[in-house]
Amino acid sequence: MTGPAELAERFGTPSYVYDLDRVARARADLFAALPAGVEVFYAAKANPHPELLRELRTGGCHAEISSVGELDAALLAGFPGDRILYTGPGKTAEELTEALTRGVRLFSTESLGDLRRVGETARKTGVTADCLLRVNHATGAAATSIRMTGVPSQFGFDSETLPGLAADLREVPGTRIAGLHFFPLSNAKDEAGLIAEFRHTVAAAATLQRDLGVTFRLLDIGGGFAAPYAVRGDRPVYGPLRDALTDALDEHFPDWRDGAPRIACESGRYLVADSGTLLTSVVNVKDSRGQRYAVLDAGINTFGGMSGLGRIMPVTVEPHESAGPGGGPLTHLAGPLCTPGDLLGRNVPLPGAAPGDLLTVPNAGAYGPTASLLMFLGRPAPAEIVVRGDTLVSVSRIRHQRTYDHGQAPR
Ligand SMILES: Cc1ncc(COP(=O)(O)O)c(C=O)c1O
């Protein structure tokens, strides 16, 4: 009994349904698309639900995290500290201490100052941190809407000036340089572009290894693996990528098959996007100056990865049995919040929408609740229902409530 109507009836809306079978399939497809031996770090930011993290851990993934909250989720899911990479441009001494104390040893660093902060914290904790130097390369190859390099940025060392820092970087107490970390783009438009980007990254990494005079033990070449987001469609299943990446690695890092260096990729959306479906109900339908609005119980507080990040994407909704038949104008999908910015979609075909109808948004497993304005207007977080095929695994809800540090509430 894991159909949308049954789950909506039982657990209410808005709610997310994640199917672990689909996570397992995506994981298998990604491993099959990569040369044997390439490690996959799951980017917990895409969906830090511990059940999904656990599925990916048992499937052989490592975890990439960027906060203590994600650290909690990864440890709860059973990741040992030595299978976790801590990344992010604003790592504070407090969170570094917590991560180091709880067993994380691998960190991505964005600047000399960041590296020094990691080193200082590691020394105080009595350990040595393995550090990747994140690279903001001056050039890239693939087409994407989300490119993170080649421009001034809080992310990474500028590739042009990185070699000049070599002496300083090698001498930061409490750290050992493990290698490089690239994450030039998300959601590459096509496989040819993804291949071009990886070729570019591998060649750039080899040049930087030589220029820095450091032998890498780990090279994280990033990701860019694509997935449909809130629209109908299938995840790409990559083909030529495997051989192309093998060739690039053989050419530039001839000992990589022996783990010198270990090669890693990162992926968030590819692994979890198609496991998730958002269930939402129509609360009200109204016409205004010739345009129709369906007001839903899910808005950017529930599914804010689109509008909350400044983008309204094309969104597909599938009406379920409860929805009425018939035509009707294209409909704007509004959320319940008191802001005109609470729009999930514009001009969506939604025949005959009526209050009480159940709608589903497909491919919603990545950048869902935790990429949303969850606290805005104090609405409850959506239920997150985990299934494995026809079996219900768990139902949970993120709770947010104010607590007072010194125990006294205002009177
Ligand atoms: C460093 C890093 N790794 C991984 C990811 C995950 O990206 P995606 O979900 O597109 O795979 C991101 C996304 O912003 C990122 O910044």
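Because the model is predicted, local features are reported at pLDDT of at least 70 and side-chain atom pairs count only at pLDDT 80 or more, whereas totals for chains, interfaces and linings use all residues. Residues are numbered from 1 along each chain as its sequence is written.

The chain is assigned domain 1 (20-271) and domain 2 (274-397), with bounds that come from an automatic or database domain assignment. The C-alpha centres of domain 1 and domain 2 are 32 Å apart. To their contact, domain 1 contributes 20 residues and domain 2 contributes 22 residues, where two residues are in contact if their C-beta atoms, placed from the backbone, lie within 7 Å. On the side of domain 1 that touches domain 2, helix α2 (residues 20-33) gives the most, with five residues. Helices here are DSSP runs of H or I with at least four residues, strands are DSSP runs of E with at least two, and both are numbered from the N terminus. That side of domain 1 comprises 10 nonpolar, four polar and six charged residues; Ala, Val, Leu, Ile, Met, Phe, Trp, Tyr, Cys and Pro count as nonpolar, Asp, Glu, Lys and Arg as charged, and the others, Gly among them, as polar.

The largest nonpolar core holds 109 residues, and Tyr42 and Ala74 have the most contacts inside it. Helix α8 (residues 191-212) gives the most to this core, with eight residues. Since domain 1 (20-271) and domain 2 (274-397) both give residues to the core, it lies between them. Such a core is a set of buried Ala, Val, Leu, Ile, Met, Phe, Trp, Tyr and Cys residues joined through C-beta atoms within 7 Å. A residue is buried if 20 or more other C-beta atoms lie within 10 Å of its own, exposed if 12 or fewer, and partly exposed in between, with C-beta atoms placed from the backbone. Once neighbours within four places in sequence are left aside, the contacts of Tyr42 are Leu53, Leu56, Cys61, Ala63, Glu64, Ser267 and Leu271. Leu53 and Leu56 are among the buried residues of helix α3 (residues 50-58), together with Pro50, Glu51, Leu52 and Glu55. Just after α3, Gly60 adopts a positive phi of about 100°.

Strand β13 (residues 276-288) has several partners, with pairing taken to need at least two bridges found by DSSP. Strand β1 (residues 15-19) runs antiparallel to β13 and is joined to it by four bridges, with Tyr16 opposite Leu278. Strand β18 (residues 358-361) also pairs with β13 in the antiparallel sense over four bridges, and here Leu279 stands opposite Thr360. Six bridges link β13 to strand β14 (residues 291-296), again antiparallel, and Ser288 faces Gln291 across this pair. Two residues separate the strands in the hairpin of β13 and β14, where Arg289 takes a positive phi near 45°.

Thr280, in strand β13, counts as buried because it has 29 C-beta neighbours inside 10 Å. Not counting residues up to four places away in sequence, Thr280 touches Thr13, Pro14, Leu296, Asp297, Ala298, Leu359 and Val361. Two of these, Thr13 and Pro14, are joined by a cis peptide bond with omega near 0°, and Pro14 sits in the loop between α1 (4-11) and β1.

A few further backbone features deserve a look. Most residues other than glycine have a negative phi, and most peptide bonds are trans. The bond joining Ala260 and Pro261 is cis, with omega about 0°, and Pro261 belongs to the loop between α9 (241-252) and β12. In the loop between β18 and β19 (383-388) lies Tyr367, whose phi is positive, near 55°. Tyr367 counts as buried because 24 C-beta neighbours lie inside 10 Å. Leu377, in the loop between β18 and β19, has a positive phi of about 70° and is partly exposed, with 13 other C-beta atoms within 10 Å.
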